[in-house]
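I opened this entry to look up the ligand site and the pockets, and I wanted the cut-offs written beside each value.

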Amino acid sequence: MIYLDYSATTPVSYDVLESYNKATRDYIGNANSIHSLGMKSRALLNSATNQIAQSFNILDSEIIYTSGATESNNLALIGIALKYKSRGNHIIVSKLEHPSIYAIVQYLEKQGFKISYVNNNEDGLIDFDDLRKKITNETILVSICGVNSETGVRQPLKTLRQIIKKENLLTFFHSDLTQAIGKVSINLHDVDLASLSAHKIFGPKGIGMLYKSDKIELEPVIHGSSKFDNIRPGTPALPLIVAFSKALRVSLTDLDKKEMYVKRLNDKIVEELSTIEDLKFNRTKYSIPHILNISLGNIKGETFVHAMEEHEIYISTNTACSSGNLSTAVMALYNDTKRATSTIRVSLASITTNEEVNNFLKYFKEEYENLSKLN
Ligand code: PMP
């Protein structure tokens, strides 16, 4: 099997699974219980949280555990909207967001909030002038994805923050960093809120976090009772949290070295496939190397994904979470429906081998030729 769909999800690494198993086996107490078993679990939870906080140079209290990035996005956008609605009812998002962000803002629109979509330039970068123009006194939140999940386009978060705060100091800045963390280096202080998910960094599914600067308040989306966490109550998912903390530590180690390695793999694919005339690479100079999006001309992305699957090679069309065949991110870059309906996404990781890439290239060319003849 050759797995090249790491942006959809990653397998859980051995060490991470060991951490999960150990926490499950040896820490049976509810971290909210007052007896010694509870306190033992609470101590482990605190230590896992502290390690995450230290790796991002943030405070322990700035971490809210969630079930993943979808929930983090909901908590960030709805939590801000409800808490600060007396200040304004305007939210700005980009045209390069994950489908969950669009679902949330559509919901908020029905609740009376005004949503604006900031433009991007042909390189996929947010149009700074358009952003400046769209921010008003009523703007409570700007949410811009750090790395787009389909094209890998990475945004300059620090610059965006400066622009936002200069226009309106009271506007908060959220970024969905699900595809950025563990791939490229990120400074959480560039944003006020950030969504992360463990299953994109060789951690388990069902755990993620929202980074929320301590200067910000949020209205909870999930209600319950907890003496420790009023924003996201419930029994802490200790084994998942411990595994997430471990996965983060591993994924943030040697980040630059791993990125360079993945870039070499990406370059090799692009170089070899560039000889095929009808292929279009949906990437710009700001795309990270872990994500390579290709339009196949007259071949449907879905058909190609299944053809490659016959060789046990796993890639995806646009994202696992989008509905329909049209890639919104490719549309936002090129405004070309044909190009946006024939896309595949190949996503690489630092565990991808040269041999896997060679086999991928071999079968890619073979299947492309077969399917082109059929067309
Ligand atoms: N945001 C982005 C950018 C993503 O790529 C994904 C996963 N496809 C999500 C959010 C959703 O993450 P989760 O599966 O953890 O809810």
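How much space lies in the largest pocket? I noted about 560 Å³, where a pocket is an open set of points on a 1 Å grid over the protein atoms alone, where a 1.4 Å probe fits, with protein on both sides within 12 Å along at least five of seven lines, and lining residues have an atom within 4 Å of a point; the volume is the space filled by probe spheres set on the points, which are joined across faces, edges and corners. The model is predicted, with local features needing pLDDT of at least 70 and side-chain atom pairs pLDDT 80 or more, while totals for chains, interfaces and linings use all residues. Residues are numbered from 1 along each chain as its sequence is written, and side-chain values use heavy atoms, without hydrogens and water.

I found 29 residues lining the largest pocket, with Arg42, Ile63, Ile64, Tyr65 and Asp229 nearest its centre.

For the second largest pocket I recorded a volume of about 300 Å³. Its lining has 23 residues, and Gly182, Phe202, Ser251, Lys258 and Ser350 are the closest to the centre.

I then turned to the ligand, which has twelve residues around it, Thr70, Asp176, Gln179, Ser197 and Lys200 coming nearest (a heavy atom within 4 Å counts as near). Among the polar contacts (N or O pairs within 3.5 Å), I listed a polar side-chain atom of Thr70 at 2.6 Å from a ligand oxygen atom, one of His199 at 2.8 Å from an oxygen atom of the ligand, and one of His98 at 3.3 Å from a ligand nitrogen atom.

How values were computed:
A polar contact is a pair of N or O atoms within 3.5 Å; within protein, one must be able to donate a hydrogen and the other to accept it, and residues adjacent in sequence count only if both atoms are side-chain atoms.
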